[in-house]
Each structure stands twice: as C-alpha cells, then as structure tokens.
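Let's take a walk through this one together. Have the sequence and the 3D view open side by side, and we'll go from the overall layout to a couple of details.

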Amino acid sequence: MPTTLEFRGRWLNIYGNLILIALLSGITLGFYLPWGYVRWQRIITENTYFEDEQLEFDGSGAEAFIQFIVIGFYTLITLGLYVILGFSSTRMLRWQYAHTLTPNGLRMEYEGRTVDLFWEWLLLIL
C-alpha cells in the first residue's frame, strides 16, 4: 500500500518567513540563526501531511543553538573538514528528524550516512 507525503504550505508564507529569518539574523549578527532554523523547520514540517494528517516539529531554538555550538567546535578543531565532508549536515538532519513527530506520535529517524551526503554534494558541485 503506497503512503503519501504532501506539502500543503503556501509559498508566499514560506518565502516571507525566510526573509524575516534573514532580517532577524542580520540584525542580531547571526545570533537568531538557530531560532530561525527551528522556525523554518516548524513551518515546513507543520505544512507537511502524512496520510492526510499533519506532522509536528518539537525542536527548540535553545536545542538548535547547542547543535550549532557543537558543530562550530568540531569545525574549528578539524579545520573545516567537519562541514566540508558533510558531518555537520548529517548531525543537523539527525537532530531535525528526531524532533519530527508522525501523526501517531512516533519520532522520525534519519539513517543517512555522511559519505552519501558528501558524494551528493560533490556531484552537485561538478
């Protein structure tokens, strides 16, 4: 039996919020970015429906801030390789999916591998 995942958001709302997040991040010199990331994820997730029921996102800006700090630390000690090789993206995708709930209350899980993201990025660049 096929399952359906449908996005029902309005693009004007999506782009309007993206502009708001960019403005607030600029005004606060980037400090708002983790909270903006959570706002963006919540908008996207809560406008996505699985089997005609709305998904939920329960992550917080403070939690995302901690993830950003950890990523920044690992990026510094690896001289940027943590980001370049895709480990930071994998970390954020795992965090994002761990805070995404299905209509029956189950948490989603990201099982992708960093090496797969790296090759996708490399192909996109080429």
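Predicted model: local features only at pLDDT ≥ 70, side-chain atom pairs only at ≥ 80, totals over all residues.

Residues are numbered from 1 along each chain as its sequence is written, and side-chain values use heavy atoms, with hydrogens and water left out.

So what is the chain built from? It has six helices and five strands, where helices (H or I, at least four residues) and strands (E, at least two) are DSSP runs numbered from the N terminus. Reading from the N terminus, the order is β-α-α-β-β-β-α-α-α-β-α.

Of the 126 residues, 31% are buried; buried means under 20% relative accessible area, exposed over 50%, and partly exposed in between, with a 1.4 Å probe and protein chains only. Take the contacts (heavy atoms within 4.5 Å) with a separation of 6 or more: 59% of them join residues 24 or more positions apart. As for charge, there are 8 positive and 12 negative side chains, and the centres of the two sets lie 7 Å apart. Lys and Arg count as positive and Asp and Glu as negative, leaving out His and the chain ends, and each charge is placed at NZ of Lys, CZ of Arg, CG of Asp or CD of Glu.

Most residues other than glycine have a negative phi. Leu29, though, has a positive phi near 55 degrees. You'll find Leu29 in the loop between helix 1 (11-27) and helix 2 (33-46), exposed at 79% relative accessible area. Leu79 also has a positive phi, near 55 degrees. Leu79 sits in the loop between helix 3 (61-77) and helix 4 (81-84), and counts as exposed at 78% relative accessibility.

Finally, which residues line the largest pocket? They are Leu5, Gln41, Ile44, Thr45, Thr48, Leu55, Gln96, Tyr97, Thr100 and Met108. Helix 2 and helix 5 (87-98) are the elements that give two or more residues to this lining, with helix 2 supplying the largest share, three residues. A pocket here is an open set of points on a 1 Å grid where a 1.4 Å probe fits, with protein on both sides within 12 Å along at least five of seven lines, and lining residues have an atom within 4 Å of a point.
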